[in-house]
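The report below describes a protein chain through its strands, helices, salt bridges and selected loop residues. Please read it with the sequence and the model side by side.

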Amino acid sequence: MKFVAFERAKQGTGASRRLRISGKTPGIVYGGEGQPQLIELDHNALWHALKKEAFHSSILEMELGGQVSKVLLRDVQYHPFRPLVQHVDFQRVDARTRMTVKVPLHFKGEEESTAVKLDHNLVNHVMTELEVSCLPADLPEFIEVDLSGLTKNATLTVKDIKLPKGLKFISHGKGNPVVVSAVAPLVAEEAPAEGAAAEGAPAAAAAPKADAKAPAKKK
């Protein structure tokens, strides 16, 4: 994907506020061989680009000052309640340097699996993305996960997924985490009928009668 950025001369809270009022979003580009550079982008174009999955997980082509460089989206800051992008960070990409990035998972074959088709299991997607290390040329837009072989009450872990060439999973010490689990649906127990409940319940003790007052003795 390609986008256009412009050099930003001023920085600071006041300058950034004026940019947002004019329909621009402040940002920064860092990393690689160059120095960090302040940039600004058209807010509406950026807003629509951020809705696309590929903008978050692919190598992007940034046109700046007539030159095109490869970058990766690293951070986006949104307004707490307004539909507004307040700031965006990009990192320059070096073709010879491995990078760490989160790649989305795309699942297929779930409805054809015996877990769903025969055993009516519910499939729980525990993870929706994987953090991997790779060279820029090996970065995929997404990782496809085939669930057609999922069986009753089974789990699928990271080691069960065949990663594309050049990718290495970053575990952060979690070993082999679960990606997908098949779980049997909960069946609600039916409440016993009124008659059955009455039969099984012990008979209520009869309430004691009030003592009748003894008639007054005749004198």
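## Basis of the description

Helices (H or I, at least four residues) and strands (E, at least two) are taken as DSSP runs and numbered from the N terminus, and two strands are said to pair if DSSP finds at least two bridges between them. The model is a predicted one, in which local features need pLDDT of at least 70 and side-chain atom pairs count only at pLDDT 80 or more, whereas totals for chains, interfaces and linings use all residues. Residues are numbered from 1 along each chain as its sequence is written, and side-chain values use heavy atoms, with hydrogens and water left out.

## The barrel and its hairpins

Six strands form a closed barrel in the order β1-β3-β2-β6-β5-β4, with mixed pairing. Neighbouring strands of this sheet are turned against each other by 45° on average, direction ignored. In general, the strands of a sheet pair through backbone hydrogen bonds, either parallel or antiparallel.

Strand β4 (residues 60-64) pairs with strand β5 (residues 67-78) in the antiparallel sense over five bridges. Within this pairing, Met 62 stands opposite Ser 69 in β5, and the bridge partner of Leu 64 is Gln 67, also in β5. The hairpin of β4 and β5 has two residues between the strands, and in this hairpin Gly 65 takes a positive phi near 60°. Strand β5 also pairs with β6 in the antiparallel sense, over seven bridges, and here Val 76 stands opposite Val 88 in β6. The hairpin that joins β5 to β6 runs through six residues.

## Helices on the sheet

Two helices are described here by their contacts (heavy atoms within 4.5 Å) and by axes, which are lines fitted to C-alpha atoms, for helices over the stretch in contact, with angles running from 0 to 180 degrees between N-to-C directions. Strand pairing again provides the surface: β5 and β6 are joined in the antiparallel sense over seven bridges, and β4 and β5 over five bridges. Helix α1 (residues 13-21) packs on the sheet and touches β2 (24-30), β3 (37-42) and β6 (85-92), its direction making about 125° with that of β2. Helix α2 (residues 43-50) likewise packs on the sheet, where it touches β2, β3, β5 and β6, and its direction makes about 85° with that of β3.

## Salt bridges

The structure holds five salt bridges, each defined as a side-chain nitrogen of Lys or Arg within 4 Å of a carboxyl oxygen of Asp or Glu. Glu 63 forms a salt bridge with Lys 2, the closest N and O atoms being 3.7 Å apart. This pair links distant parts of the chain, with Glu 63 in strand β4 and Lys 2 in strand β1 (residues 2-7), 61 residues apart. Glu 63 is partly exposed, with a relative accessible area of 28%, while Lys 2 counts as exposed at 52%.

Lys 70 forms a salt bridge with Glu 61, with the closest N and O atoms 3.6 Å apart; Lys 70 counts as partly exposed at 45% relative accessibility, and Glu 61 as partly exposed at 31%. Lys 108 forms a salt bridge with Glu 144, where the closest N and O atoms are 3.3 Å apart. Because Lys 108 lies in strand β7 (residues 99-108) and Glu 144 in strand β10 (residues 143-146), this pair ties together parts that are 36 residues apart in sequence. Lys 108 is partly exposed at 39% relative accessibility, as is Glu 144 at 46%. A network of salt bridges links Glu 33, Asp 94 and Arg 96.

## Loop residues

Ala 184 has its place in the loop between β13 (178-183) and α5 (194-200), and is partly exposed, with a relative accessible area of 37%. Leaving aside neighbours within four places in sequence, Ala 184 is in contact with Asn 121 and Asn 153. The C-alpha atoms of Ala 184 and Lys 152, which are 32 residues apart along the chain, are separated by 7.7 Å.

Asn 153 is itself found in a loop, between β10 and β11 (155-157), and has a positive phi of about 55° although it is not a glycine; the relative accessible area of Asn 153 is 45%, so this residue is partly exposed. His 172, in the loop between β12 (168-169) and β13, is another residue other than glycine with a positive phi, near 55°, and counts as exposed at 57% relative accessibility.

How values were computed: Buried means under 20% relative accessible area, exposed over 50%, partly exposed in between (1.4 Å probe, protein chains only).
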